[in-house]
Amino acid sequence: MPRWDVHLAFGMMTVILIDSSVLFAMIGSKSIVTVGPVIDFFLLPLLIGSLISIFGSVLPDIDGNGNIRWIIGPVVGSFAFFPPFLTELKNGGLWGGIRFVGEGGSALFLVYTLFGYLFLLIPMKHRGMMHDPRMAGMFGAVVFTYLSVMSPLTILQSLLVGILALMGYLWHLALDGKLI
């Protein structure tokens, strides 16, 4: 069974392959004038989805004893912080984003970081509950729901990110041989 850093490298490699394939397919299929709105629609979800997919490719290993367990808190805090921050940035410009950080964004980050660390107190057997394909579905559903409510993404864009999150988690399980 690969270590978490192998999962991370595989997740990053797969994301680069998917992102470049999607972007090259969009650009190569039509003229740049007609592709502009398509790129606008896919670019932000593809970026967010790629980051969450990479996170999902190592997430199942939080039930182990490795270093990845101690990175989880700030990563969860960051993923909780950025969708509403992007919404404020989109709606209020730079000052809206700065205001969000000062008025509640910092607290949001800290609360979710603490939640990420408290999650580690749940006793888990390595390659147990977190290595179940149903957890991959739950992870994708949580990402989709959170982004649908808290981000400037549309429902369809949030669904795309949720699917990429699900895929990242499933890549991990496939490498561990837990999908069959």
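The following questions and answers go through a predicted model, from its overall fold to single residues.

Trainee: What limits apply to the values in this predicted model?
Mentor: Residues are numbered from 1 along each chain as its sequence is written, and side-chain values use heavy atoms, with hydrogens and water left out. Local features need pLDDT of at least 70, totals for chains, interfaces and linings use all residues, and side-chain atom pairs count only at pLDDT 80 or more.

Trainee: How many helices and strands does the chain have?
Mentor: Helices are DSSP runs of H or I with at least four residues, strands are runs of E with at least two, and both are numbered from the N terminus. From the N terminus on, the elements run α-α-α-α-α. The count is therefore five helices and zero strands.

Trainee: Why is the chain as compact as a globular protein of its length?
Mentor: The radius of gyration is taken over C-alpha atoms, and the globule rule is 2.2 Å times the number of residues to the power 0.38. For 180 residues that rule gives 16 Å, and the chain is close to this value, so it is as compact as a globular protein of that length, with a radius of gyration of 17 Å.

Trainee: What share of the residues in the chain is buried?
Mentor: A residue is buried under 20% relative accessible area, exposed over 50% and partly exposed in between, using a 1.4 Å probe and protein chains only. Of the 180 residues in the chain, the buried share is 39%.

Trainee: Which share of the accessible surface belongs to carbon and sulfur atoms?
Mentor: Accessible areas come from the Shrake-Rupley method with a 1.4 Å probe; for residues, only the protein chains shown count as cover. The accessible surface of the chain comes to about 10000 Å², and the part belonging to carbon and sulfur atoms is 76%.

Trainee: Among contacts between residues at least 6 apart in sequence, what percentage join residues at least 24 apart?
Mentor: A contact means heavy atoms within 4.5 Å. For the contacts in question, the percentage is 77%.

Trainee: Where is Pro123 found, and is it buried or exposed?
Mentor: Pro123 sits in the loop between helix H3 (68-119) and helix H4 (133-150). Its C-alpha atom is 19 Å from that of Val76, 47 residues away along the chain. With a relative accessibility of 76%, Pro123 is exposed.

Trainee: What kind of aromatic pair do Phe81 and Phe82 form?
Mentor: Rings of Phe, Tyr and Trp (its six-membered ring) pair if their centres lie within 6.5 Å; planes under 30 degrees apart count as stacked, over 60 as edge-to-face and the rest as tilted. The structure holds nine such pairs. The ring centres of Phe81 and Phe82 are 5.2 Å apart with planes at 80°, so this pair is edge-to-face.

Trainee: What kind of pair do Phe85 and Phe100 form?
Mentor: Both Phe85 and Phe100 are buried. Their rings are 6.4 Å apart centre to centre, with 40° between the planes, and the pair is tilted.

Trainee: Which residues do ring pairs link into a cluster with Phe55?
Mentor: Phe55 lies in helix H2 (residues 32-56) and is buried, at 13% relative accessible area. Not counting residues up to four places away in sequence, Phe55 touches Ile72, Val75, Val76, Phe79 and Phe139. The ring pairs link Phe55 with Phe79, Phe139 and Tyr169.

Trainee: Which residues is Leu153 in contact with, leaving aside its neighbours within four places in sequence?
Mentor: Leu153 is found in the loop between H4 and helix H5 (155-175). Its relative accessible area is 7%, so Leu153 is buried. Its contacts are Leu44, Pro45, Ile48, Leu147, Ser158 and Val161.
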